[in-house]
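User: Please take a close look at one part of this model: the loop backbone. Where does the chain show cis peptide bonds or positive phi values?

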Amino acid sequence: MKSLLMPICFIVMLGLGGASEYNFGTKVMPGDSDISKPLDDLFSTDNAGATVAMWDIGPNPGLYDEQDILYLVSSPIPAIMPINAVRLTPFETYSAGSKVRPVDKDYGVPLTPVPGAFPDGGSFVFLDQYGTSNSGSPRYDISDPVYWHRIGYNTDTNDVRMSSLSENYLAGTRLSSFDPDQSKPIQLVNVLQYLPSLPVSYLKYYDANGNGNYDYLDDVYLIRPVPKGPGTATQVTVNSLRLSGPAQ
């Protein structure tokens with residue numbers, strides 16, 4: 001039995017060897033092992049990009065509410081859940097930042113656009129919470145929290161934290177009425193990524209297994225500094241945000 005198990009374990013370790021060791025919602029810090037890894041645009045072609053969709057399982061069908069599950073998927077939105085969609089909010093035992101596999105409970109479920117999101121799919125934004133601005137222009141830095149934001153000029157209920165605000169407000173959690181980051185102003189200059197992600201994509205992936213396609217082992221990032229244009233590969237840099245967690 002041992003002679004059979006050891007080769008299998010070795011193969012699994014080889015398969016996961018290029019994948020990230022860091023958690024969803026963490027920022028790339030100086031000295032991290034993924035700095036300078038090459039990146040490619042996530043889902044981006046001449047006619048498509050990445051966006052956020054939902055599985056409508058909440059108490060109010062047809063509306064976006066606190067129990068609906070959000071996913072990062074390709075655009076146009078698939079009719080049913082594909083493999084390798086990234087969960088931006090947790091579902092049962094599946095954590096935020098995990099990817100959908102064929103054996104998972106949410107594989108193949110119906111997907112819909114997020115009602116009321118503007119632009120389509122909402123946007124990824126940051127709050128200049130720590131006042132590091134230049135001549136009144138907010139600047140994104142290592143301490144600024146990142147959010148998926150549905151609509152409007154202020155953070156609102158059921159927006160989702162893409163990075164942790166504190167140990168009580170973790171990445172993948174939704175904003176509630178009396179949270180400290182509720183109703184904070186969002187300026188147009190704050191926007192990191194409108195969705196869908198064309199014409200310029202800040203959403204990237206590292207091809208961990210080198211097969212030329214986005215798949216289960218690949219790590220997803222919201223990348224900074226700003227890429228030069230669509231289709232342009234870039235590298236993981238300090239302050240980029242990890243939008244997926246370690247492959248399991």
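Analyst: Strands here are DSSP runs of E, at least two residues long, numbered from the N terminus. Helices are runs of H or I with at least four residues. The model is predicted.

Take E92 to begin with. Its place is the loop between β4 and β5, where β5 covers 112–113. E92 is not a glycine, yet its phi is positive, about 50°. What is its relative accessible area? The value is 55%. Exposed means over 50%, so E92 counts as exposed.

S36 also has a positive phi, near 75°, and is a residue other than glycine. The loop that holds S36 runs between α1 (2–16) and β1 (38–41). Relative accessibility of S36 is 41%.

Now the cis peptide bonds. One joins S75 and P76, with omega about 0°. P76 sits in the loop between β3 (69–75) and β4 (86–87). S75 is thus named on the strand side, since β3 runs 69–75. Another cis bond links L195 to P196. Omega there is about -10°. P196 belongs to the loop between β11 (191–194) and β12 (203–206).

Methods. Residues are numbered from 1 along each chain as its sequence is written. This is a predicted model: local features need pLDDT of at least 70, side-chain atom pairs count only at pLDDT 80 or more; totals for chains, interfaces and linings use all residues. Side-chain values use heavy atoms; hydrogens and water are left out. Buried means under 20% relative accessible area, exposed over 50%, partly exposed in between (1.4 Å probe, protein chains only).
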